[in-house]
Structure formats: C-alpha cells, structure tokens
Amino acid sequence: MESESVPRGSFTVISHDDGSTKVEQHIEFMRLAILQAKRAAPREQAFNAGVMIIGGMVPISEGHSRDSHAPELHAAAAAVVKAQRGPHAHLLAGSTLYATMEPCSSPAISKTPCTSHIINARIRQVVIGVKEPESFVNCQGVETLRAAGIDVVHLLLLQEECLATNIHLLT
C-alpha cells in the first residue's frame, strides 16, 4: 500500500502593501502579534516573540515569550495550547497563526518545538514577521512547516517592527 505524500506548503514573501484586503488583514493581525511580543520582558539570551491565532477572522488565541499562562513554552506553542483549551478550540484546525518570529523547529531548543504544536493543531497557514536571526540557532521552522503542507507567508514589510522588541539582542 502506497503512503500518501503531503503536498508541500507554499512560501510567499510580501515586501510591500499593495492595498489588497488580504495584505491589509495580514498587517492588522501581525500588529496584534507585535503587541503580544511587547508584553514579554526582555531577557539577555532570549528573543521576544508574539503570536496571534486567527480562525475565520476571529482571534482565538494569543501568546508571547515567557507567557504567564505557559511560561515553559515558546510563544507559538503557548498560543496553540491556550487555543486548544479555549472556547474557540473548534476553530484551531484550518486557522492562521501570526508570529513575529519564525517558529522554532529543534528539540534541542524546546522539548516539543513550536512547529510540532502548529502541525499537530492542523493550522493551515503561518505568517511570520522575521526569519529567526542565526544569532542563537539555525532555525528550520519555515522548511519544517512547508514540508508538513502548511503555507508560510513572510510579511517582510513589518520586519523592522517585529525586530524592535529584540533590539537588546541585535545591537
């Protein structure tokens, strides 16, 4: 019996605001994720990331680095776990996750990487503000998600805003 292969997810880079409804929605929801990142207290050896999960235009969960609801988890993992326990859990499969930083992919960084949480939750699209800088780790989050059939959008036009909460590590 042949195993079905999962179609590879797409990768799109958006570098400017073309005024389309889709780009405007991405900008709006990423700015909510940026607000989440601002809630994380700066730490010398850790990036501040923020996440929003949107299902059918409804915000269903949020998270940030060192989130008090799940301090042991990274931002994306915390948001997924909160969504699974929340009143909108039924919207999680097929939703879009907005992350200011590329979700982690290595068990060396997190026991269960953010990408595993995202894949297991059957999220269909991930929009990132910035690929993880190679300062700490060689992250393969985008490739891991695409290999699982998840579409990834790099919202490059908000990269500077997404990096602003990490200026303490980038200067």
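Strands β2 and β3 form a hairpin with 2 residues between them, and Gly56 in the turn has a positive phi of about 60°. Helices (H or I, at least four residues) and strands (E, at least two) are DSSP runs, numbered from the N terminus. The model is predicted, so local features need pLDDT of at least 70 and side-chain atom pairs count only at pLDDT 80 or more, while totals for chains, interfaces and linings use all residues. Residues are numbered from 1 along each chain as its sequence is written, and side-chain values use heavy atoms, with hydrogens and water left out.

Helix α1 comes next. Its 18 residues reach 26 Å from the first C-alpha to the last, close to the 26 Å expected at 1.5 Å a residue, where the expected span is 1.5 Å times one less than the number of residues. The buried residues of α1 include Val23, Phe29, Met30 and Ile34; buried means under 20% relative accessible area, exposed over 50%, and partly exposed in between (1.4 Å probe, protein chains only). These buried residues pack against β2, β3, β4, β5, β6 and α5, with contact taken as heavy atoms within 4.5 Å. Lys38 also belongs to α1 (residues 21–38), but is exposed, with a relative accessible area of 56%.

And what of helix α2? Here 9 of the 11 residues are buried, so α2 is largely enclosed by the rest of the structure. Among the buried residues are Ala76, Val80 and Lys82, and what covers them includes β2, β3, β4 and α3.

The largest nonpolar core has 48 residues, of which Met30, Ile53, Leu97, Ile118 and Ile123 touch the most other members. Such a core is a set of buried Ala, Val, Leu, Ile, Met, Phe, Trp, Tyr and Cys residues joined through side-chain atoms within 4.5 Å. Its largest share, 8 residues, comes from helix α2 (residues 75–85). Beyond its neighbours within four places in sequence, Leu97 is in contact with residues including Val51, Ile53, Ala76, Val80, Ile118 and Ile123.

Finally, Thr115 lies in helix α3 (residues 114–120) and is buried, with a relative accessible area of 2%. Not counting residues up to four places away in sequence, Thr115 touches Pro103, Cys104, Ser105, Gly141, Thr144 and Leu145.

Notes
Pairing = 2+ DSSP bridges.
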